[in-house]
Amino acid sequence: TVEPLEYYRRFLKENCRPDGRELGEFRTTTVNIGSITTADGSALVKLGNTTVICGVKAELAAPAADSANKGYIVPNVELPSLCAERFRSGPPGEEAQAASQFIADVIENSQMIVKEDLCIANGKLAWVLYCDIICLDYDGNLLDASVFALLAALKNVQLPLVTINEETGLSEVNLKQKNPLLIRKHPVATSFAVFDDTLLIVDPTAEEEDLATGTVTIVTDEEGRLCSVHKPGGSPLTGAKLQDCITRAITRHKEVKKLIDKVIKSITPK
């Protein structure tokens with residue numbers, strides 16, 4: 001197509017998209033939990049052709065002096081050159097850094113994991129969760145796939161019981177007794193691309209993101225509360241349009257939650 005934007009506009013007038021989806025329709029979403037055996041928790045999420053894998057590694061560390069009763073969560077999003085032509089190998093680019101910051105904000109704002117829950121002994125020992133999110137195939141809507149992969153991987157984490165021996169002051173790890181992480185909230189991201197400043201389409205592909213005049217990502221939790229609105233520039237949205245996005249995000253949350261519960265149920269030993 002010589003004029004990709006005109007090509008898209010022709011479809012959008014008919015309320016559909018070149019890949020056959022309606023404007024408010026997501027691509028097929030699949031999730032596979034526990035796929036990396038060397039991680040403490042992992043998940044692979046496919047959103048159409050966008051494929052993201054998240055591995056969580058848990059380590060023990062001393063809490064910071066100013067927050068003696070808190071553990072740490074360290075998210076990191078990687079966009080290696082193998083996932084799309086536009087990314088180069090080397091230090092993380094702007095998009096990867098922005099995505100890492102977005103994930104950190106979602107963890108903080110949604111309170112999905114309360115850092116106090118990661119503390120083992122006040123001022124002495126706490127868990128550090130390194131959450132590595134790696135994009136294997138990039139075809140737009142990285143943020144939705146990343147938040148979903150992170151949530152699914154954290155739900156898969158089993159931490160061993162750790163106690164501190166009072167006589168020696170050393171930590172003792174009991175690998176036979178493992179407990180799942182306490183996840184207090186389940187944030188789900190829903191991204192939209194704005195076309196010609198007015199039309200909203202959900203779950204944009206890479207091509208749609210490039211042609212769009214702006215994007216917006218809404219993160220909600222299971223109570224329908226807004227955890228985060230991420231709008232990196234682009235065309236402004238009216239209050240009514242934003243409200244439409246939030247309503248669609250709440251519906252999407254139910255779909256994702258249902259999918260994740262189904263997968264977890266299927267792998268839980270009877």
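Helices (H or I, at least four residues) and strands (E, at least two) are DSSP runs, numbered from the N terminus. With that settled, I opened the notebook on this chain.

**Ground rules.** I am working from a predicted model, where local features need pLDDT of at least 70, side-chain atom pairs count only at pLDDT 80 or more, and totals for chains, interfaces and linings use all residues. I number residues from 1 along each chain as its sequence is written, and side-chain values use heavy atoms, with hydrogens and water left out.

**Domain record.** I looked up UniProt, where an unreviewed entry places "domain: Exoribonuclease phosphorolytic" at residues 25-160 and 187-250. Its positions are given in the numbering used here, feature names are shortened, and annotations may be inferred rather than shown by experiment. For residues 187-250 I noted 28% helix and 38% strand, with the end C-alpha atoms 10 Å apart. For residues 25-160 I noted 24% helix and 37% strand, and there the end C-alpha atoms are 41 Å apart.

**Whole chain.** I found five helices and twelve strands. The C-alpha trace spans about 75 × 40 × 35 Å along its principal axes.

**Contacts.** Contact means heavy atoms within 4.5 Å. Of the contacts between residues at least 6 apart in sequence, 66% join residues at least 24 apart.

**Thr 51.** Thr 51 counts as buried because its relative accessibility is 7%. Leaving out residues up to four places away in sequence, I saw Thr 51 touch Leu 44, Val 45, Lys 46, Ile 134, Cys 135, Leu 136 and Asp 137.

**Two asparagines.** I also looked at backbone angles. Asn 141 has a positive phi of about 55° although it is not a glycine. I placed Asn 141 in the loop between strand E6 (125-137) and helix H3 (142-156). With a relative accessible area of 1%, Asn 141 is buried. Asn 15 also has a positive phi, near 60°, and lies in the loop between helix H1 (4-13) and strand E1 (29-33).

Key: Buried means under 20% relative accessible area, exposed over 50%, partly exposed in between (1.4 Å probe, protein chains only).
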